[in-house]
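This briefing collects local structural features that may be of use when inspecting the model.

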Amino acid sequence: MFSSVPDRGHESSGVSVPVLIPWSFVWRHGGRSVSLCGSFTRWSRCIPMSLVEGCDDIFQVVCNLTPGHHQYKFYVDGVWRHDESQPFVSGDYGLVNTVVLARQPDVITSAFSPQTPGRSNMDVDYDVNMPVDTLSPGTLQEAVPRISSPDLEVSRHRISVFLSAHTAYELLPESGKVIALDVNLPVKQAFHILYEQGISVAPLWDLCKGQFVGVLSALDFILILRELGNHGSNLTEEELETHTIAAWKEGKLHVTGVMDGNGESFPRQHLVHAGPYDCLKDVALKILQNKVATVPIIHSSQDSSFPLLLHLASLSGILKCIYRYFRHSSSSLPILQQPICSIPLGTWVPKIGESKPFAMLRPNASLSAALTLLVQAEVSSIPIVDDNGSLVDIYSRSDITALAKDKAYAHIRLDEMSIHQALQLGQDANSPHGFFNGQRCQMCLRSDPLHEVMKRLANPGVRRLVIVEAGSNRVEGIISLSDVFNFLLG
């Protein structure tokens, strides 16, 4: 049996992921000019801090730290200061503040742990949040009035009414194509089809059963490539040329199947899908509750003929309907004018005193490290930052399809190819992935209003926005499509 996930013993001794953890440093005690210096700059360089918008006495800067123990001080108007409200010790540089970052994020778990039931047995590239605290009242919100509860409830109610009154049929484009794959196709052939068509997920068709039985996603190929690099694999790259999608799914199910108290596997879950006349609210809830990226819209006729695959519904398409309907009547949705830093939306870099890390990587990190982090942390994308902590790109699960170009997967080593090289491969292939200034990696500021965020996320191919600091482009957080819908639907 082909094991889709390496055993824990092997994985624990595998590639060490060089995680960078962005941390928000805040000085709340005024001044005209404030800088930060610490052990992470070797005490040789001061990092300028910026005033928080709307405040004249609170300064902030985001720095990327490696796991471990760090010391720091503030340089305020030419005088060295430490923050007495945060942990501090007496060190070589006098009284200094301290912060200790765990070596491994405590929220990183296996993407297919038996303790996480509820997924479809045909997993897809779901856009889960980065493993950090959700936005809570704090520094970023102090300068901006928060929306009132009545205005929030009114907005949510009107969105709910709109989604309940419109159907999935309205998501169907005037023209287009939907690609499905036969379960008896070799997985490598399917890999090339997805690459050539510029897509990262496709429904699976079982001719014998006469029905759609699941999906094949970018995550499947990530697991396959990691498995081929695992010495414990009993399937060679040559054998995989004829290994079918059905065989791969069976092997993955055998390893990842959830067991009940008697040691028996739970029954397989059916493909999560919707009908053309299901309301948009039900479609959105199916995507959120089942943690999938897309829901196939399937029309099943009453004469028992083969079902028709009409469309792949996504949160992006539903958000586009909401934005198109309300954009000329924004006054009916008070939340649309609110800056994103004033509402509980997205995941943000933790402040000093908060414990959960926000994982990022540098361009020279190995592709193996990126794939390991994507799988273990159950995230769909990782911000890529330079030595100054500024956003330079983002690596997503869907970028794995670029390795199909010239069968690159057959002659590269995941631990020798850098993230930068992998993204360049995507650019060279003119794929929809790998473009920093394209739709795959878009930025926003904490002061941007919600309607602007919704407008950008409604574009096809955009599944998350990276929140950056104005000027420096340092990463401050991430907002995904699922974040927006969880907020809008309450």
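W43 is located in the loop that connects β2 (34-38) and β3 (47-48). Its phi is near 55 degrees, a positive value in a residue other than glycine. The model is a predicted one, and the points below are grouped by topic.

**Backbone geometry**

- Most residues other than glycine have a negative phi.
- Besides W43, with phi near 55 degrees, a positive value is found at D77, a residue other than glycine whose phi is near 50 degrees.
- D77 belongs to the loop between β6 and β7 (79-81).
- The relative accessibility of D77 is 32%, so this residue counts as partly exposed.

- S35 is part of strand β2, and its relative accessibility of 12% makes it a buried residue.
- Apart from neighbours within four places in sequence, the contacts of S35 are C46, I47, P48, M49, K73, F74 and Y75.
- S39 falls in the loop between β2 and β3 and, at 29% relative accessibility, counts as partly exposed.
- When neighbours within four places in sequence are left aside, S39 is in contact with H69, H70 and Q71.
- The C-alpha atoms of S39 and Y72 are 6.3 Å apart in space, while the two residues are 33 apart in sequence.

**Aromatic pairs and a charge over a ring**

- A pair of aromatic rings is described by the distance of the centres and the angle of the planes.
- With ring centres required to lie within 6.5 Å, the count comes to 13 aromatic pairs.
- F25 and Y72 make an edge-to-face pair, with 4.9 Å from centre to centre and 75 degrees between the planes.
- This pair joins distant parts of the chain, since F25 lies in strand β1 (residues 21-27) and Y72 in strand β6 (residues 68-76), 47 residues apart.
- F25 and Y72 are both buried.
- W205 and F306 also form an edge-to-face pair, at 5.3 Å centre to centre and 80 degrees between the planes.
- Distant parts of the chain are linked here too: W205 is in strand β11 (residues 201-206) and F306 in the loop between β13 (294-299) and β14 (308-314), 101 residues apart.
- W205 has a relative accessible area of 14%; the limit for a buried residue is under 20%, and W205 is therefore buried.
- F25, W27, F40, Y72 and F74 are joined into a cluster by ring pairs.
- The ring of F487 has the charged end of R156 over it, 5.1 Å from the ring centre.

**Nonpolar cores**

- In soluble globular proteins, nonpolar side chains tend to be buried together.
- The largest nonpolar core has 65 residues, and those touching the most other members are F25, M49, L181, Y395, I400 and L403.
- Helix α5 (residues 218-228) supplies the largest share of this core, with seven residues.
- Another core, of 47 residues, lies apart from it and includes F162, I335, L457 and I467.

- Ten of the eleven residues of α5 are buried, so the helix is largely enclosed by the rest of the structure.
- Within α9, the buried residues are L315, S316, I318, L319, C321, I322, Y323 and F326.
- The elements that cover these buried residues of α9 include α3 (149-165), α8 (280-290), β14, α12 (450-457) and α13 (481-488).

**A three-stranded sheet**

- An open sheet is formed by three strands in the order β10-β11-β12, with mixed pairing.
- β10 (181-182) and β12 (211-217) are at the edges with a single partner strand each, so one side of each has no neighbour in the sheet.
- The pairing of β11 with β12 is antiparallel and runs over six bridges.
- P203 has V215, in β12, as its bridge partner.

Terms used. Residues are numbered from 1 along each chain as its sequence is written. This is a predicted model: local features need pLDDT of at least 70, side-chain atom pairs count only at pLDDT 80 or more; totals for chains, interfaces and linings use all residues. Side-chain values use heavy atoms; hydrogens and water are left out. Rings of Phe, Tyr and Trp (its six-membered ring) pair if their centres lie within 6.5 Å; planes under 30 degrees apart count as stacked, over 60 as edge-to-face and the rest as tilted. Helices (H or I, at least four residues) and strands (E, at least two) are DSSP runs, numbered from the N terminus. Buried means under 20% relative accessible area, exposed over 50%, partly exposed in between (1.4 Å probe, protein chains only). A charge sits over a ring if NZ of Lys or CZ of Arg is within 6 Å of the ring centre and within 35 degrees of the ring normal. A nonpolar core is a set of buried Ala, Val, Leu, Ile, Met, Phe, Trp, Tyr and Cys residues joined through side-chain atoms within 4.5 Å. Contact means heavy atoms within 4.5 Å. Two strands pair if DSSP finds at least two bridges between them.
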